[in-house]
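Here is a short report on one protein chain. Please keep the sequence and the 3D view open while reading.

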Amino acid sequence: EDEAALTAAEEGLRRLDDALTTARAVLADRRAGLAAHLATPAPAEDEAALAVRAGETETACEDARRRCAEQRARLEHDARQRARGDDLAARIDAQRARCDLWAGLNDVIGSANGDKFRRFAQSLTLDRLLMLANRHLEDLAARYVLQRSPGGELDLQVIDREMGDEVRGVGSLSGGERFLVSLALALGLASMSGDRALVESLFIDEGFGALDADSLDVALSALEALQATGRKVGVISHVQALVDRIGVQIRVSKAGGGRSLVETVVA
């Protein structure tokens, strides 16, 4: 053999040695695996039983996938229903607001003879009257403030500022205090006006005799201020202080025999 053939033979021997080494390593690994397998106890079920169990498990998996698909469809349906529910909730809120409005009107008007609505309308008018009356009462007797009684729709009560804002009934007022409160209410009525109507005349019969000199002066000043706005103010009284303050008077004097004398006097 020549040198080239010998070199090729040596290369072949080396490859065979490498293959042998690899084969021995693989063989050792296989033997170890075989030993481990032989050391593992054999299954309690045979191949046929395991095949049946495998089929059952596959069927259970199919059932689980089917139930999963059904649940996913239910979730999607629930999401659509919730979206519709949100829209319905908004519509329900709008309808509830309208219902509350009509229920409130029904609660106010809801009587066959209209008494409830009449009292409601009167209470609104009374609120405005009290607001105007309290403005005049601030000038006449700043000690008192008129307000509606919580228990009655048209009942009144008085707050006494000088008694720690004590709430008093109007029946607890003295004669002079009651007259000032009544005068404030009368002035409030005179101040109430509409688009086409205006209370232009105010006539007061007596009550001035219950006032002290300071209160009488305050009351007359308020009446004079009201007259200065263009309204007509008439006072019926026997108090001499009024005679001195009123410029135009209608005097009624006894003439005897059941007759009276009426004359107009301009002071």
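## Overall form

This is a predicted model. The protein chain has six helices and seven strands. Along the sequence they follow the pattern α-α-α-β-β-β-α-β-α-β-α-β-β.

The radius of gyration is 54 Å, whereas a compact globule of 267 residues would have one near 18 Å. The C-alpha atoms fill a box of roughly 180 × 55 × 40 Å along the principal axes.

## Burial and surface

Of the 267 residues, 19% count as buried. The accessible surface comes to about 19400 Å². Carbon and sulfur atoms account for 56% of that surface.

Take the contacts between residues at least 6 apart in sequence: 46% of them join residues at least 24 apart.

## Helix H4

H4 covers residues 175–191, 17 residues in total. Its first and last C-alpha atoms are 24 Å apart, close to the 24 Å expected at 1.5 Å a residue.

H4 is largely enclosed by the rest of the structure, because 12 of its 17 residues are buried. Among them are Phe179, Leu180, Leu183 and Leu187. Gly176 and Glu177 are buried too. The buried residues pack against helices H3 (115–140) and H5 (213–228). They also pack against strands E1 (144–148), E2 (156–160), E3 (166–169) and E4 (201–205).

## Strand E4

E4 has two faces. Leu202 and Ile204 form the covered one. Ser201, Phe203 and Asp205 form the uncovered one.

E4 pairs with strand E5 (residues 232–236) in the parallel sense, over five bridges.

Notes:
Residues are numbered from 1 along each chain as its sequence is written. This is a predicted model: local features need pLDDT of at least 70, side-chain atom pairs count only at pLDDT 80 or more; totals for chains, interfaces and linings use all residues. Side-chain values use heavy atoms; hydrogens and water are left out. Helices (H or I, at least four residues) and strands (E, at least two) are DSSP runs, numbered from the N terminus. The expected span of a helix is 1.5 Å times one less than its number of residues. Buried means under 20% relative accessible area, exposed over 50%, partly exposed in between (1.4 Å probe, protein chains only). Contact means heavy atoms within 4.5 Å. Two strands pair if DSSP finds at least two bridges between them. The radius of gyration is taken over C-alpha atoms; the globule rule is 2.2 Å times the number of residues to the power 0.38. Accessible areas come from the Shrake-Rupley method with a 1.4 Å probe; for residues, only the protein chains shown count as cover.
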